[in-house]
Every structure is written in structure tokens, then in C-alpha cells.
Amino acid sequence: MSSTSLDQIVNLAKRRGFVFPSSEIYGGLASTWDYGPYGVLLKNNVKAAWWKAMVLMRDDIVGLDAAILMHPRTWEASGHTDSFSDPLVECRQCHNRFRLDELQDLQKSDKDKLQCPVCGTKDNFTEPKNFNLLMKTFLGTTEDAKSAVYLRGETCQGIYVNFKNVLATSRQKIPFGIAQIGKAFRNEITPGNFTFRMREFEQMEMQFFVKPDAAAVYYDEWKSRRLDWYKSLGFEMTRVRFKDHDKLAHYAKAAVDIEYDTPWGWKEVEGIHNRGDWDLSRHSEFSGKDLSYFDEESGDKFMPYIVETSGGADRISLMALIDAYNEEETDGETRVVLKLHKDLAPIKVAVMPLLKNKPELVEVATKLFHELKAAGIMAEYDESGSIGRRYRRQDEIGTPICVTIDFDTLENKTVTIRDRDTMKQERVGLDKVLKLT
Ligand code: GAP
């Protein structure tokens, strides 16, 4: 388990503008969070890295952006209205509510011997009730059963209901995939651990449609591809592992989690599932539209199996912060540094004039800063405080390199490049900076 605590991450996230409590001026709203200037860049970079690997670099996967609100029958077909629930118990003494399975896991005990984690009362819980996690809202001007709809509980349902539309318009043939990034909502009984478990979160899901007899092979393939993705982003791979599901969901033929070694134990950040033909069969049945596939080459007609990869953009962003967080002793001080992969770092390069009251230095620095931005590189201009303090500030937000413009720059057109991880400095030509980032 890591030596970094979640408190250290939460403090850094607030102090440096990664994540703020939502609606903070009103006292916040339980377990909802807003991404600040650096947080939104980090999360966008996570999503861009995923999109690049899953759509841009592949000939056999296309993108989709389906609506959050879907026809309510969707959730009957998917099984969510019936079985998307957790067992809820209430302490009769203090009336706090908990997930029974979580209490049992934590206390390694059966229901009759549980202790309330809030008031300490023993063995005084209500009988468990199934609490449905779907969030309801109403469409239009009347709030009755007919206008009730759900905020989607997972993004993949938008993919299934569009299977035929995509097939008809994309010229893809099985095997092929549809990828989507978007918000999902679950009325979690016990959200928590910062942005790890929220009621509003973002998923990055890809559904790969295959012949039934090929599903097991694609399942293994996607397992290793997804693990490679974490490796390619520089995650410490001794802190990433597969965990097979002990119990399979009603739709699954095989399921594995990718887990990360968080400060509160190994936790799921992504799931990979062989969902069989459950999804397309159910949507065919409930919609009355035939979603089976006709293979022109073999003349076979079949219901495709689906291999799904489903990760959380918030969880993986939090995982990136935890994985990158380091505290190091340097010159009798503690340096906090985020050793983020350069593709994930919110700011790629910081440009600093040595002194802010020397117009000739400021002029060269601002010119370079604007050139970097014009080239599409997320740069930051930083002129306040000593150079040492400015380096520390950039270390804390994970900026891989800092470029300092000093008096030698005016003489010989060279700048100092300072590396975040080694703290080493070297002189390079001003015209080389763009290439280095
Ligand atoms: N379509 C399959 C599906 O939704 P899941 O395991 O329920 O599977 C997939 O969710 C991923 O979505 C999780 O691995 C996690 O990264 C993210 N996720 C799920 N619930 C979440 C929550 N309450 N807060 C943040 N992320 C969540």
C-alpha cells in the first residue's frame, strides 16, 4: 500500500486548483466535486489519451456521443430498473444508512453481529432493502409516472441502442467497436474517498461486437491491451493488477477488474467484461427491433457477443494524482512533486523571465510563451516570486519542464531548461524549446 495518504492528495488538489468541493460557497454538496483549472486539464488529458488509444489509433472502432436521457424502456431491457440496486440497512438508533455488503466486508461479520460505524450501537439495523441506484427526473412540464426518465446509470446503453445506426453508417463489419466518453449517474449509498466514488461521474466505455465463438479470445486481447495503456502512461505497474470477479453480474460470461493500489487498498478503476449476447438480445426483445447481425461473407445471422472495457475518467485521474505524488527532501526542505507522464501533465512547459521588472527579459519570455500556445502546447507564463519558488509551484502541478529567460538569453539566444524529476538544468538554444515540449 502506498505511503501517500488521501489527505495529502485532497490538500494538494484544493491548494493548487485541481479539484474543489462543489457549490462550496453554499457549504458544498455531499460527494460532488468540481474540477479546477489544472484538474480539468488533467482529466481532459486522461480522456484524450483514452480516445487516442481506443478510436484514433484504430481502424475498427468508431466514436459516439449519445444522450444522457434515454427512453425508460432502455433501463427495463438492461435490467437496471429491476436489479441495479445495493442492499441498504438503517441503524435504528442514529438513522444513518449503509450498504450491508460493505459493512459485512469491513467488519467480517454477518448481519446480526454488525456494529453501527457512526454511533457504535450493536445489532440494531433494519432488515435490508434493495435500494435502486438509478436517478430519476421528469421530462417536460408534468411530474407523473408517464414523464419519469432516468439519468443514465452507465454510458454503454447508448451504444447498444445505436448499434444498428452505427452499423448502417460507418461501413464497419464485425468485429468492430463503438467508444464513448460521458457522464453517468448513480445514487450511491456510500459515496466517498474524494472523487473515487461519486454520484455523478464520467465513464470511458468501449463495446466490441464479435462473433460468439470469438468472444473469449477478444476478451483476453482487450485485457492485455488495456493493461498496456496504463503502462504507456507511466503508471507504476507494481501498483496495477487484474482481479477476476468472484461473482458474475447477470449479464456477464467473464469479468475482470483492473485495480490500483490506492491509499485505502486495491480498488477497481476499470472493468473488462464478456457480456455475451445479453445486451443486444434484450434490446431486441424490448424494442421489437431485430438487432442481430447478418454476415455477408458466411451468410450467417447471429446476435453478436460484446466485449466491454469500462473505465472511469475521474477514478483514473485520481489514480494519476496518487501515482505521481512524491515528497522529497531537498536542501533541507520538502519538495512536493507530481511526476505525471508528460501526456497527462496539465501544463507541458512553464516560461519564466528571471526578473519581472526587466522589460527586455519579459519581452523574450512572453514571445516564447505565445509561440508555444500558438503551436497548441499548454504553456504557462510565471513571473512572480523567486525562481526557486516558481520551480516548486510548477513541481506541485507536475509541469515537466521550466524555461528561464535570463541575461545570457539576450546575449547568445540560449535559455535554461530545468527538468522536473531530476531538477537538473541545462542551457539550450531558444529555438530548440518548441521541439523539447
Ligand atoms: N458498463 C459497465 C459498468 O458500468 P462498472 O464497473 O459499474 O461497469 C465501470 O463501472 C467504471 O466506471 C468503474 O471501473 C469506475 O472506474 C467507474 N465508476 C463506476 N461507479 C463510479 C462512481 N460511483 N464514481 C466514480 N466512478 C465510477
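Select Asp431 and Lys432, whose side chains meet in a salt bridge at 3.8 Å, N to O (a side-chain nitrogen of Lys or Arg within 4 Å of a carboxyl oxygen of Asp or Glu). Asp431 is exposed at 63% relative accessibility, whereas Lys432 is partly exposed at 42% (buried means under 20% relative accessible area, exposed over 50%, partly exposed in between, with a 1.4 Å probe and protein chains only).

This is a predicted model, in which local features need pLDDT of at least 70 and side-chain atom pairs count only at pLDDT 80 or more, while totals for chains, interfaces and linings use all residues. Residues are numbered from 1 along each chain as its sequence is written, and side-chain values use heavy atoms, with hydrogens and water left out.

Next, select Asp406 and Arg427, which form a salt bridge of 2.7 Å, N to O. Asp406 lies in the loop between strand E21 (401-405) and helix H13 (407-412) and Arg427 in strand E23 (425-429), so the pair ties together parts 21 residues apart in sequence (helices, H or I, of at least four residues and strands, E, of at least two are DSSP runs, numbered from the N terminus).

Then move to Tyr219 in helix H8 (residues 215-232), which counts as buried at 8% relative accessibility. Leaving aside neighbours within four places in sequence, Tyr219 is in contact with residues including Asp244, Ile272 and Asn274 (contact means heavy atoms within 4.5 Å). The C-alpha atoms of Tyr219 and Asn274 are separated by 6.2 Å.

Finally, select Glu328, Arg335, Lys339, Asp395 and Arg418, which are linked in a network of salt bridges.
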